[in-house]
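Hi everyone, thanks for making time for this one. I'd like to walk you through a single chain, and you're welcome to follow along on your own screens.

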Amino acid sequence: MNLDDLALQIENMRKRVALLQRQSEQQEAEADIELVTAVFKEVYLALEELQLVNEDLKQQNEELSKTQQALVAEGQRYQELFEEVPDAYFVTDTKGIIQEANSAATTLLNISKSLLLGQSIGIFVLEKEVIAFHLKLNHLRDRTQFPDWKMQEWEVTLRPHDKTPIMAAVKVAAIRNQSSELVSLHWLLRDISESKRTQAKLQWAEEAMRQALAKEREFSELN
């Protein structure tokens, strides 16, 4: 029973007692004992009902308190896990507006969380890649009728605040409601600038070695 039911029970009790009181005022004196007995009976029944309501509400409040405590604990655990992710983690709406960001995200983009929230994630993309980035984002929204897709991956050049642009690996996961409608996007960004530089150096070294071997073969053929 909820509070509305309790209020209704109390109101009904008041009406019954008021009715008995009016009746008692209209009866002869010899009938007073019967009326008083009836009043006490009505009040007793009403109190019994209120006791049951009180116990019901107490049980509901205990269950609600347990549920609230579980939700708080779950929220704290979620926030701890959110912050423990070593890579930049964002939650955006379907248009890419940042709703949540962990500490790694603020470090990656060199900007405080208060200035990050509410911004479009696209403003941190290098100018020459912005159009391509938004085309990918639009493509994600256009695919909302295909509930089978869960994650997309690509690479993008980001512009951290007051820092040199970096290369980042992007993973975007679709979050849907029970009706399979797209409600938000979860982004995981990792700085791969160093690995890209290392890869470029390895490719340069391999190419230099191939050229050196080719020249050596040419020299051997001439001799």
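Let's begin at Ser-120, which touches Gly-96, Ile-97 and His-134, leaving aside residues up to four places away in sequence. Please keep in mind that this is a predicted model. Where does Ser-120 lie? It sits in the loop between helix 4 and helix 5. Ser-120 has a relative accessible area of 17%, and because the limit for buried is under 20%, Ser-120 counts as buried.

Val-125 is placed in the loop between helix 4, residues 113-116, and helix 5. Is Val-125 buried or exposed? With a relative accessibility of 1%, Val-125 counts as buried. Setting aside residues up to four places away in sequence, Val-125 touches Val-130, Phe-133, Val-156, Thr-157, Leu-158 and Arg-159. Take Leu-158 from that list: Val-125 and Leu-158 are 33 residues apart in sequence, yet their C-alpha atoms are 4.5 Å apart in space.

Now let's turn to Leu-158 itself. With residues up to four places away in sequence again left out, the contacts of Leu-158 include Leu-108, Leu-109, Phe-124, Pro-165, Ile-166 and Leu-189. In soluble globular proteins, nonpolar side chains tend to be buried together. Here the largest nonpolar core has 27 residues, and the members that touch the most other members are Phe-90, Leu-116, Trp-154, Val-156, Leu-158, Trp-187 and Leu-189. Which elements give two or more residues to this core? They are strand 1, strand 2 (98-101), helix 3 (103-109), helix 5, strand 3, strand 4 and strand 5. Strand 4 supplies the largest share of this core, with five residues.

Next, the sheet. Strands of a sheet pair through backbone hydrogen bonds, either parallel or antiparallel. In this model there is an open sheet of five strands in the order 2-1-5-4-3, and the pairing is antiparallel. Strand 2 and strand 3 stand at the edges with a single partner strand each, so one side of each has no neighbour in the sheet. On average, and ignoring direction, neighbouring strands of this sheet are turned by 25° against each other. How many bridges join strand 4 to strand 5? There are nine, and the two strands run antiparallel. If you'd like a residue pair to find on screen, Ala-174 stands opposite Leu-185 in strand 5. Helix 5 lies across strand 3, strand 4 and strand 5, and helix 5 runs at about 165° to strand 3.

On to the aromatic rings. A pair of aromatic rings is described by the distance of the centres and the angle of the planes. The structure holds three aromatic pairs. In one of them, Phe-133 and Trp-154, the ring centres are 6.2 Å apart and the planes are at 70°, so this pair is edge-to-face. Phe-133 is in helix 5 and Trp-154 in strand 3, so the pair ties together parts that are 21 residues apart in sequence. Phe-133 counts as buried at 4% relative accessibility, and Trp-154 is buried too, with a relative accessible area of 12%. Ring pairs also link Phe-133, Trp-154 and Trp-187 into a cluster.

Finally, charges. Side chains of opposite charge can pair when their charged atoms come close. How many salt bridges does the structure hold? Two. One joins Arg-190 and Asp-87, with the closest N and O atoms 2.7 Å apart. This pair links distant parts of the chain, 103 residues apart: Arg-190 is in strand 5 (residues 182-191), and Asp-87 is in the loop between helix 2 (32-84) and strand 1 (88-92). Arg-190 counts as partly exposed at 47% relative accessibility, whereas Asp-87 is buried at 13%.

The other joins Arg-159 and Glu-127, where the closest N and O atoms are 3.8 Å apart. Arg-159 lies in the loop between strand 3 (151-158) and strand 4 (166-176), and Glu-127 belongs to helix 5 (residues 127-142), so the pair ties together parts 32 residues apart in sequence. Arg-159 counts as partly exposed at 30% relative accessibility, and Glu-127 counts as exposed at 54%.

Key. Residues numbered from 1 in each chain as written. Predicted model: local features only at pLDDT ≥ 70, side-chain atom pairs only at ≥ 80, totals over all residues. Heavy atoms only, no water. Salt bridge = Lys/Arg side-chain N within 4 Å of Asp/Glu carboxyl O. Helix = DSSP H or I, 4+ residues; strand = E, 2+ residues; numbered from the N terminus. Buried < 20%, exposed > 50% of the residue type's maximum accessible area, 1.4 Å probe, protein only. Contact = heavy atoms within 4.5 Å. Core = buried A, V, L, I, M, F, W, Y, C linked by side-chain atoms within 4.5 Å. Pairing = 2+ DSSP bridges. Axes fitted to C-alpha atoms, helices over the stretch in contact; angles between N-to-C directions. Phe/Tyr/Trp six-rings, centres within 6.5 Å; stacked < 30°, edge-to-face > 60°.
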